[in-house]
Amino acid sequence: MSTYNPNIVPPAHAPMPLNGNNLVNGLPGGVQQQPGPPTGQPYLPQKQPQQFQQPPPTAAYPGAPGNLPPPPQFNSSIASQFLPTTTVGAPPQQQLPPSTLPPHLRPPTVNGPPLTNGSNGASSANSSRTASPRPVAAAPQYAQGPIAATPNNPPLASGLRPAPQPVNQSLANLTSNLENLNLNTNRTNGGASVVPPPQQQYPPLAQKDYRGVATAQSGPPQFSDASSLLAASGVVSPVVPNAMATPFSQKPPNLAPHPAKMFGSASVPGRPAVPPEGQRMPYGVPPTTNSDQQNQQNNNLQRAAPPPGAGTTWPNSLPKASMPGSQPLLPPQQQQIQTRPYPYSQAYQSAPQQQPPLPQSAVQPPGMFGAQPTAAPLQYQAQAPPQVYGQQPQQPPQAAPGGPYGTPAPPNVAQQGFSRLWGQDTIDLMQNRHILSPATLPPPKVILHNQFHESINCSRSIMRCTLTKIPESNSLLQKSRLPLGIVIHPFRDVNSLPVIQCINIVRCRLCRTYINPFVYFVDSKMWKCNLCYRVNELPDDFQFDPATKTYGDVARRPEVRSSTIEFIAPSEYMLRPPQPAMYLFLFDVSIIAQQSGYLEAACATLNRHLDEMPGDARTQVGFICFDSFVHFYSMAEGLNQPHEMTLLDIEDIFLPRPDSLLVNLKECKELVRDLLKQLPKRFAHTHDPGSALGAALQVAFKLMQASGGRITVFQSCLPNKGPGALEPREDPNNRSAKDVAHLNPATDFYKRFALECSGYQIACDLFLMNQQYSDMATISGISKHSGGCVHHFPLYQKTKPHMVDSFRTCFKRYLTRKIGFEAVMRIRCTRGLQVHTFHGNFFVRSTDLLSLPNVNPDAGYGMQISYDESLTDVKTICFQAALLYTNSEGERRIRVHTVCLPVTASLPEVMHSADTEAIIGLLSKMAVDRSVASNLSDARDAFINATIDVYNAFKIAQNLPSGQSGQLIAPRSLALLPLYILGLLKHPAFRVGTSTRLDDRVFAMDCMKTLPLDQLMKYVYPELYKIDALIYHARNSNVSSTQDDDDDEEEPLPEIPRLQLSAEHLDSRSIFLMDCGTLIMLYVGLNVPPDVLEAVLGISSTAELGDYVYGLPNVVSNENDVLKRFILRLNYDKPYPALVQIIRDTSTAKGQFIERLTDDRSESSLSYYEFLQHIRAQVK
């Protein structure tokens, strides 16, 4: 006796009955039959829905679209004769004509006693809960649950299990007729068919329905058939096709029960079924049926209807996607209440049919990521399914010719689950417009199949590659249409950085790679380089562990246990003694500079943080001012106050007293402080409109060339005197034109000056505090080619407190951050790869050596990678960045970063391994070069073409059908690519049609080239949050506003989901926070409750907020404290805290908030959904 288990899935290799001719495919007597295949044409047995198999081939009959009538030579009444007749409660039927078959082929209803269901009518209570009669001689009932293939339970063609039948005369006659039908013949695959043996009688079982009412039944739990499920769904299908009688132009329907129904779910999701031609009923109109059919449908409707309040949630103890055809389980915040459940049978029907339009109430909103779309299901994946033991290899699944609403058929849910588990799931962007979710934000993980290597791989905040799986050849990379490169933040502030001081730094003798965790130790004396594969010797002292001061295993050394490490370099890494920290400040003191008032704020900030500047006892400092002339300040020993000297001939510059212009900061600190107090007053009454920036730079170079150092330039107007004088080039009337001119420098004077400074280890940093056009495209060359940085404060005025605070915060960070002098950086790659293009502020000294006179922790770089040879025989590749620099204490150090990535030969794996954020970081740098070399329109077109090419390549890689299907299928790793590309197109660096000052555009382009990736992403696509959850957390937490800060940190803040930048998320009753990097905006709705305003902002009404309010007020409340902690968390990885601006709904500053909502349509740009439609139209 077999043991019944409704949760067991039949094995994929379960044998099929011959030609599908068994009585298991019989249907209840109240259901009609459809015509079957023509005589002499082989029948393809119905395949199990649990397996990934191709649909059966179709042979359309000419001139008969849709549901085709049977061929003339096929007698449809023959199949009907295989159905048992009804005797109780059934309407009178027509007398069957005499059979023309031989006696041994006549059906049992004609040539033998009538068949019974083997349960004496007791099973009727299992499918009906009312007093409606059930035919006694109905067709055998089937437990709608897949069962295991056991000797007592052979596998069945339709995936259904017959109800247990007692051994009686009827069953004996059934067995005799089966033998007469010659079912015990050899199969096409050589196996013998098995006749189902008599089933044992099951003991009575007690089963509870959803209402908790126990119902007695004989045999295993049974479920309603497909017809009753259709009735419960609200769509009546008068004819349920039989697998034996289905025309070959249609795919046999799958009558396996839905997993949600089988597991006791409250509702059965599915898709609408379409009746055959001529039998379609409009929505809401009941079909014309007999009384028995109507009663049965009503009973099944009562049985299948969910209880009030029941949703689509699965039981916690059950798997979420364990059966094919089931809907994936949505997170609680993504579950949608279904107003009308979909019919059942359409979920497995793939024949293209004409579908009447759904009513508006039946259309569900598009789900979030991870949910199956309602109107356009996802495509089949290209991954091979898991191979079942003993099963023949199967072909990859093919897309069905059509599904609901003319869309491709949905993929197997089990395959979706495996794809999501393997990180290779896809998403339809057209059906999932709200794509920004925790499922799409994290980049793909680097999988090295080595837990130790994965745990110590280089941090993503330091070095990231655009692909987490490297293509094995250049041809495979070209097929993917993805850029290959790395973005690196080499001098990032690291909390726990291992620093090693040793006599011998172990390096490869061939390629000079530093030893790292990814090398291979041949033995305790030899190691194999992971870049060039040369075997090298280990020095004797390498076995000494500096941490434990003992000799032992070489694997315990810090060099092979950390991918980011810093060496204290010995003397052979020095060309000269380490230079001291040298700082020279150049101040613009023209009339425009005096009107802006920047000099007062700059001198006050410098005076306040003079002791915090990095350096040692040798640190030197100097000051130069310039207008139409150049002013020097001597602070020689013995002077009571600084002595000013003015150079009038700016065409022939010289140093009047070179020995006292740069002085030791420690020795002359009082003179320096005195000078910083006098400078704002010294030029307060001057009215010189000239600016001799070029002459001041030449003087600074002569002063610094002996030792190197850093020059800090403050400029507030266009240089118009002496060397490097410029003329205005911007036309204010063309700021919104499509063709942007003057992105290139007007003269090469400043570039040549920067290259000359780079040779003497001098870097120039620029602070532009302009009130008008200052030609940043030209003067910023002093920083771009010398390894410096650029800061821009447009329209700076001392009467604007928020601008003064922002400048002071930025300048404080600039003065106190760590600095590396006379630095060089080299990027090494595994043999077969090379770096061919660099992006950032530096000078390329050789093919792979970057000259960085100064390196700061806020600078990022990008590199494009190319192929020298194929990587066919390589499993992993590595990139290593080595930064050699002198710290502010005069110590020579080497910081080494190593990242390891796997190699793949699969195009789908390459597409699924894309890192969208790294791709955006690299594409933005490439677009800046394209804009300067060609024009801005070419760069914008390149963004769009890159997106189209990537999705075209993915469509080819996944074998997705061509043509306009209304879908835009993308891998999860590239789901955010259009969103970020649209953000770039609307960014001030690349936007057109919107008035943008030329200096602002050039500065934005410079940020694209130099910002680290984490800061760049906020600059391109700000983060938007709704802080209602914070307020709720503050009001329901046990933390008091009077507790210590240490206690506050113990209470974790809730995780707030990010919102897409669209006004549809705004609510007048809530407060929203937008993090733009250097600026945080609080948007206060007009109808925010007064108690919330009082607790957060200390006001009782939004009318008390002005148009321009900056800074978060100090309010003694839990809500205010929690909001401050949240902002502090946002500012944790930033170089300096962002300025907070509060904007009310009716403020004139609302435009600053609205223009950053890049998902919405503007006068000159598309919305996000329109941009998706444009991309979809171009993807062929």
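1. Lys-818 lies over the face of Phe-491, at 4.5 Å from the ring centre, and Arg-557 is placed over the face of Phe-542, at 4.7 Å from the ring centre. A charge is taken to sit over a ring if NZ of Lys or CZ of Arg is within 6 Å of the ring centre and within 35 degrees of the ring normal.

2. The model is predicted, with local features needing pLDDT of at least 70 and side-chain atom pairs counting only at pLDDT 80 or more, while totals for chains, interfaces and linings use all residues. Residues are numbered from 1 along each chain as its sequence is written, and side-chain values use heavy atoms, with hydrogens and water left out.

3. A search of the whole structure finds 27 aromatic pairs, where rings of Phe, Tyr and Trp (its six-membered ring) pair if their centres lie within 6.5 Å, and planes under 30 degrees apart count as stacked, over 60 as edge-to-face and the rest as tilted. Phe-587 and Phe-623 form a stacked pair, 6.4 Å centre to centre with 10° between the planes. This pair links distant parts of the chain, since Phe-587 is in strand S16 (residues 582–588) and Phe-623 in strand S17 (residues 620–626), 36 residues apart; helices (H or I, at least four residues) and strands (E, at least two) are DSSP runs, numbered from the N terminus.

4. Phe-587 and Phe-623 are both buried, that is, under 20% relative accessible area, with exposed meaning over 50% and partly exposed in between (1.4 Å probe, protein chains only). Phe-793 and Phe-807 form an edge-to-face pair, 5.5 Å centre to centre with 85° between the planes, and both of these residues, Phe-793 and Phe-807, are buried. One aromatic cluster includes Phe-587, Phe-623, Phe-793 and Phe-807 among its members.

5. Helix H22 (residues 1013–1020) is largely enclosed by the rest of the structure, because six of its eight residues are buried. Among the buried residues of H22 are Leu-1013, Gln-1015 and Lys-1018.

6. An open sheet of five strands has the order S32-S33-S34-S36-S35, with mixed pairing; two strands pair if DSSP finds at least two bridges between them. Strand S32 (1023–1026) and strand S35 (1109–1110) stand at the edges with a single partner strand each, so one side of each is left without a neighbour in the sheet. Strand S33 (residues 1071–1075) pairs with strand S34 (residues 1079–1084) in the antiparallel sense over five bridges, and Leu-1073 has Leu-1082 in S34 as its bridge partner.
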